[in-house]
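I opened this notebook to record, entry by entry, what I looked up in a structure that was new to me.

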Amino acid sequence: MPTDAPALRLVLAEDSLLLREGLVRLFDEAGFETVAAFGDADSLLAEIDAIAPDLAVLDVRMPPTFRDEGVRAALEIRRRLPKTGILLLSQYVEGTYAHELLAAGEGGMGYLLKDRVASLEELEDAVARVSAGGTVLDPQVVRELLARRVDPVAALTPREREVLELMAEGRTNGGIAERLFIGVGAVEKNVTSIFQKLALEDSGTDHRRVLAVLTWLQR
């Protein structure tokens, strides 16, 4: 890092005192400024707006439930400070939240697994890249994200695909029945099955029909 460049300002949230202090030292030695370090996500969120750091480094699972506090805090930081970089350091892969973080905000995003960080240089490089707006993902996280990219339409039967295609043409259940030479009741059963397989909950309106058609068109 050039000596005349301003130090990157970091905040850290990690419930393990030893690891937290160790990371602070590592970041300081790398030329980064750790402006605050917290043992839980709530404390971090209470101060984040005033600090407005370049980067937030968070563990995924922290008090009180040790489930997903860190990731939820990261999403909240991204909502409040969209240009602040987010670097998750964890023992766990939370693919759903990683996808949300990648899709939101302007800042960089990183997700590294603690036991797979091979060197201090690798961690320093990740901090610099995320702070600059880049993306750094552990290969295991990438595999988790790719595994989730399953085409929901692929789960439909050939008949259900036919029904959905005709729905996309704007046909009513009665019109679909006439086109496929089946009863309206059979069409309704297929439509219900389509909604279930596409995970579209009943909202009491025709909203599910529109969403099903959009899923078909975007496949």
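Predicted model: local features only at pLDDT ≥ 70, side-chain atom pairs only at ≥ 80, totals over all residues.

Entry on helix 2 and helix 3. I began with helix 2, residues 41-51, and helix 3, residues 69-80, and found that their axes come within 10 Å and cross at roughly 10°. Because angles under 35 degrees count as roughly parallel, I noted helix 2 as roughly parallel to helix 3. On the side of helix 2, the contact is made by Ala-41, Leu-44, Leu-45, Ile-48 and Asp-49, and on the side of helix 3 by Glu-69, Ala-73, Glu-76, Ile-77 and Arg-80. Sorting these residues by class, I wrote down six nonpolar, no polar and four charged.

Entry on helix 7 and helix 9. Next I looked up helix 7, residues 158-168, and helix 9, residues 184-197, which pack at an angle of about 95° with their axes 9 Å apart. That angle makes helix 7 roughly perpendicular to helix 9. Helix 7 brings residues including Val-163, Leu-164 and Met-167 to the contact, while those from helix 9 include Val-191, Ile-194 and Phe-195. By class, I recorded seven nonpolar, two polar and three charged residues in this contact.

Entry on the largest pocket. Here I noted a volume of about 160 Å³ and a lining made up of Leu-19, Leu-23, Leu-26, Leu-89, Lys-114, Val-117, Leu-120 and Leu-123. Helix 1 (17-29) and helix 5 (120-131) each supply at least two of the lining residues, and the largest share, three residues, comes from helix 1. The lining divides into seven nonpolar residues, no polar and one charged.

Key:
Residues numbered from 1 in each chain as written. Heavy atoms only, no water. Axes fitted to C-alpha atoms, helices over the stretch in contact; angles between N-to-C directions. Helix = DSSP H or I, 4+ residues; strand = E, 2+ residues; numbered from the N terminus. Parallel < 35°, antiparallel > 145°, perpendicular 65-115°, else oblique. Contact = heavy atoms within 4.5 Å. Nonpolar A, V, L, I, M, F, W, Y, C, P; charged D, E, K, R; others polar. 1 Å grid on protein atoms, 1.4 Å probe; cavity = no way out; pocket = protein on both sides within 12 Å on 5 of 7 lines; lining within 4 Å. Points joined across faces, edges and corners; volume = space filled by probe spheres on them.
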